Amino acid sequence: MEYFIIVNPTAGGNNGRKTWPKIEKFLKTKSISYRAYFTEYDGHAVAIAMQILNQVTATNHPDAVLVAAGGDGTLHETLLGCMRFYTEHPQINTPQVPIGLLPIGSGNDFARALNVPRHWQQALEELLACQIATKINIGHFINQDNQTDGYFLNNFGIGLDATVVYLANHSLVKHYQRFSGLAYWASVIHAVQTAKPFKLTVTHPDGDTQIYPNAFLVTTTNHAYFGGGIDIAPQASVYKNTLDLIVVEKPTRRQIALFVFMLLLKRHLHLRFVHHFSGVHFELKTNESRYGQIDGEELGSKTYDVSYETKTYPFWIKEIAATH
Ligand SMILES: Nc1ncnc2c1ncn2[C@@H]1O[C@H](COP(=O)(O)OP(=O)(O)OP(=O)(O)O)[C@@H](O)[C@H]1O
């Protein structure tokens with residue numbers, strides 16, 4: 001195999017920069033064939049992934065694996081580059097180049113969902129031991145207003161979780177690994193206090209519609225986790241072709257405490273201000289501007305008219321039969 005590794009040196013509060021020399025040493029010791037590419041700016045992994053696929057498909061390279069060494073953002077951009085490349089080159093009929101993960105970011109929720117170890121060496125050993133690609137479900141969304149689309153591995157959030165992402169990304173201490181956890185939790189508290197509820201309309205394929213006048217946290221998720229390991233949708237799985245939608249209506253202070261307590265017990269879906277759906281397709285519409293996030297990447301503050309479904313992409317991971 002030949003591993004084309006996209007390294008985000010800034011992932012995990014510069015953990016990428018510190019960990020890469022160890023990864024490289026390990027690869028050299030084992031005489032593994034690899035090429036490394038370093039991201040230099042936001043969005044760079046999209047361009048690098050496309051460039052690698054261009055090269056790999058032009059030379060008919062049969063044993064290529066694209067590896068995202070970073071956090072969920074790097075992985076998201078790598079996937080986006082792959083999906084964009086294959087959409088732009090529909091004539092390519094060789095199998096899609098699989099994506100592997102070296103989770104050296106902060107949250108690493110997709111790695112958690114796939115049971116990929118979050119220590120670089122264990123993750124690398126599993127990656128190198130893998131023999132066959134596994135098709136995994138990913139989220140696909142279409143903006144109904146302009147028909148643009150995109151993908152997510154983890155979740156597409158509107159409201160509270162996206163406000164947290166916005167505040168954490170703009171925190172002054174974000175780039176210091178030691179403080180990134182603190183910055184995150186400070187952002188959660190700030191967001192809970194300041195985020196405003198909004199009207200959300202959910203439409204199902206059969207035309208059934210629900211309206212939530214006080215939606216507060218709206219997450220469409222591909223697996224159980226969000227926010228760095230919070231088990232927001234315990235029944236969700238990348239091995240199901242469904243997406244899970246969690247809608248939390250604006251809670252009172254007492255309800256916030258109850259929500260956190262029930263979340264820890266994984267019983268929060270029983271609360272009457274928490275709503276949960278699982279489906280292969282649904283649409284969400286809002287009419288007030290709110291922050292949005294996709295796999296931890298900011299969308300800014302806007303309104304949404306979005307439809308959701310799943311697609312698949314091959315990943316270079318150890319298959320977990322038990323969760324199928
Ligand atoms: N050289 C760079 N300088 C600044 N930002 C970069 C650079 N390379 C990549 N980025 C950006 O860094 C951001 C964060 O990366 P990533 O999500 O992989 O790490 P993380 O936030 O630590 O992990 P997680 O999302 O799992 O919490 C991404 O938006 C990416 O575009």
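Let me start with V67. V67 touches Y3, F4, I5, I6, G100, L102 and L127, leaving aside residues up to four places away in sequence. Contact here means that the C-beta atoms, placed from the backbone, lie within 7 Å.

A word on the model. It is a predicted one: local features need pLDDT of at least 70, side-chain atom pairs count only at pLDDT 80 or more, and totals for chains, interfaces and linings use all residues. Residues are numbered from 1 along each chain as its sequence is written.

Back to V67. V67 is among the residues with the most contacts inside the largest nonpolar core, along with A49, L79 and C82. That core has 89 residues. By nonpolar core I mean a set of buried Ala, Val, Leu, Ile, Met, Phe, Trp, Tyr and Cys residues joined through C-beta atoms within 7 Å. Buried means 20 or more other C-beta atoms within 10 Å of the residue's own; exposed means 12 or fewer; partly exposed is in between; these C-beta atoms too are placed from the backbone. Which element gives this core its largest share? Helix 2, residues 44-58, with 8 residues. Helices (H or I, at least four residues) and strands (E, at least two) are DSSP runs, numbered from the N terminus.

Now the domains. The assignment gives domain 1 as 2-131 and domain 2 as 141-311. Those bounds come from an automatic or database domain assignment. The core draws at least three residues from each of the two domains. The domain centres, taken over C-alpha atoms, are 26 Å apart. How many residues does each domain put into the contact? Domain 1 gives 18 and domain 2 gives 20. On the domain 1 side, helix 1 (11-29), helix 3 (72-88) and helix 4 (109-113) each supply at least two residues. Helix 3 gives the most, with 7 residues. By class, that side of domain 1 has 7 nonpolar, 8 polar and 3 charged residues. For the classes, Ala, Val, Leu, Ile, Met, Phe, Trp, Tyr, Cys and Pro count as nonpolar, Asp, Glu, Lys and Arg as charged, and the others, Gly among them, as polar.

Next, a helix pair. Helix 1 packs with helix 5, residues 120-129, at an angle of about 40°, and their axes are 11 Å apart. Axes are lines fitted to C-alpha atoms, for helices over the stretch in contact, and angles run from 0 to 180 degrees between N-to-C directions. From helix 1, T19, K22, I23 and F26 meet W120, Q121 and L124 of helix 5. This contact divides into 4 nonpolar, 2 polar and 1 charged.

Most residues other than glycine have a negative phi. N14, in helix 1, has a positive phi of about 75°. N115 has a positive phi near 60°. Where is N115? In the loop between helix 4 and helix 5. Buried or exposed? N14 counts as partly exposed, because 15 other C-beta atoms lie within 10 Å. N115 is partly exposed as well, with 13 C-beta neighbours inside 10 Å.

Last stop, L200. L200 sits in strand 8, residues 198-203. L200 is buried because it has 26 C-beta neighbours inside 10 Å. L200 touches Y212, A215, V218, V247, L284 and T286, again not counting residues up to four places away in sequence. T148 is 52 residues from L200 along the chain, and their C-alpha atoms are separated by 21 Å.

How values were computed
Contact = placed C-beta atoms within 7 Å.
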